Amino acid sequence: MSQLVRPVTDLPVQGRRVFLRVDFNVPLTPAGGVADDSRIRASLPTIEYLLRRGARLIIGSHLGRPKGGPTPGMSLEPVGAKLAELIAPLAREVRLTDEPVGDGARKVVSELRDGQVVLLENLRFHPGEEANDDSFARALAAYAEVYVNDAFGTAHRAHASTVGMVRYIQDRGAGFLMLREIEFLSRLLGPVERPYVAVLGGAKVSDKIGVLENLLGRVDVLLLGGAMANTFLQAEGRRVGRSLVQPDKLTLARGFLRRASQSRVEVLLPQDVVVAPSPDSATGRTVAIDAIPDEEMVLDIGPATVQSFAERIRGARTLFWNGPLGVFEKAPFAQGTLGVARAVAECSGLTVVGGGDSAAAVSEAGVADRIRHVSTGGGASLEFIEGRTLPGIAALMAPPEAH
Ligand code: ADP
Ligand code: MG
């Protein structure tokens with residue numbers, strides 16, 4: 001897929017107005033500052049490249065979930081200030097428009113000189129963004145001669161700034177972050193080195209079934225944990241006490257396990273688990289998989305399971321992990337997830353982690369820099385692995401329309 005998307009390095013940007021869609025949807029502090037600037041840093045290579053090449057840069061992003069109008073506390077103002085700080089040697093200031101489109105924004109954009117930056121106010125302050133409204137898309141497209149998308153985390157949404165405006169700009173391509181995401185996630189769906197091992201956990205079977213289905217014909221080994229595994233355990237006839245289970249997915253789980261065994265994919269479910277009366281319990285205890293008390297719930301995989309999962313993970317030549325193996329937000333139930341994170345870090349094959357909570361777990365374990373690729377896109381990376389075409393990527397590939 002990546003070979004069909006033009007890299008930013010192939011686009012003529014010198015002296016031209018370039019619209020760059022980024023994902024600056026950062027968490028803010030109660031005082032309104034940027035709490036975590038990693039999403040801004042993730043697009044710095046693209047921003048710096050464009051500025052060094054003398055582009056006139058117009059940056060667009062959304063922040064939070066405003067309901068289509070200006071919303072206090074959701075302005076990109078603190079983001080602009082942080083960006084200005086990060087690119088200080090390259091550009092003297094980052095001018096923020098007072099609205100995403102309008103006379104004020106048009107004026108600021110028209111005053112742009114080579115190597116200067118304008119940040120449009122939160123695109124979701126206009127209802128046309130999420131509605132993918134054509135007149136809003138045209139208004140955005142009118143700002144620029146070149147379109148670059150680096151917002152992988154929003155690529156699964158067909159919005160005006162990710163899809164609608166793209167058809168109106170002939171010179172379009174992907175930034176470095178987007179290219180990297182496409183490259184690594186595509187590799188998981190193409191010819192791979194074996195053994196190919198996937199670790200799937202997280203909350204719900206229904207969230208992961210698309211990923212499981214698309215990986216079934218590709219992987220050699222599937223390691224299942226997290227709340228999701230409870231439904232599989234129950235489907236196999238295990239008693240799982242008061243654990244989180246999706247009763248309406250038992251048939252689906254049973255069918256999946258049957259097909260996995262027919263296609264000779266090795267599926268490992270937990271052999272021991274950490275149980276407690278509730279996720280708020282101060283401690284848990286490890287029990288064998290056939291000894292889950294009726295009044296307790298499974299909140300993590302046990303040490304024997306961590307060990308057997310870790311062996312498979314370390315032996316993998318290709319590894320994909322999505323979904324925490326337990327309630328990792330709570331210390332007594334974090335060991336399984338942390339153990340898996342460390343094993344992934346020790347794997348010398350191609351290692352890729354996707355999913356918002358999984359990425360958080362990896363950084364909590366302190367191993368992010370020992371994993372080949374940690375996707376910045378939560379939902380987007382899962383949809384990619386499901387084999388779906390992401391609208392934001394498809395738009396970059398579609399032939400330009402005359403207008
Ligand atoms: P990701 O964001 O990486 O795709 P998910 O959102 O699917 O992951 O799952 C993460 C959530 O699953 C976490 O909040 C975690 O507490 C929860 N979870 C994992 N295992 C269990 C379990 N055994 N019981 C209840 N919740 C669990
Ligand atoms: Mg999540």
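Modeller: Two strands pair if DSSP finds at least two bridges between them, and strands (E, at least two residues) and helices (H or I, at least four) are DSSP runs numbered from the N terminus. On that basis, 6 strands make an open, parallel sheet, ordered β9-β8-β7-β13-β14-β15. β9 (266-268) and β15 (373-374) are its edges, each pairing on one side only. Zoom in on β7 (residues 196-200): 4 bridges tie it to β8 (residues 221-224), running parallel, and Leu200 has Leu224 as its bridge partner in β8.

Quick housekeeping: the model is predicted, so local features need pLDDT of at least 70 and side-chain atom pairs 80 or more, while totals for chains, interfaces and linings use all residues. Residues count from 1 along each chain, chains are lettered from A and ligands numbered from 1 as written, and side-chain values use heavy atoms, without hydrogens or water.

Now ligand 1. Its shell (a heavy atom within 4 Å) has 18 residues, with Lys208, Asn322, Glu329, Asp357 and Ser358 coming nearest. α10 (226-235), β12 (297-301) and α14 (356-364) each supply at least two shell residues, and α14 gives the most, 3.

A polar backbone atom of Ala227 is 3.1 Å from a ligand nitrogen. Overall, the protein covers 84% of the 580 Å² accessible area that ligand 1 has on its own (Shrake-Rupley, 1.4 Å probe).

Conventions. Polar contact = N/O pair within 3.5 Å; in protein donor to acceptor, adjacent residues only side chain to side chain.
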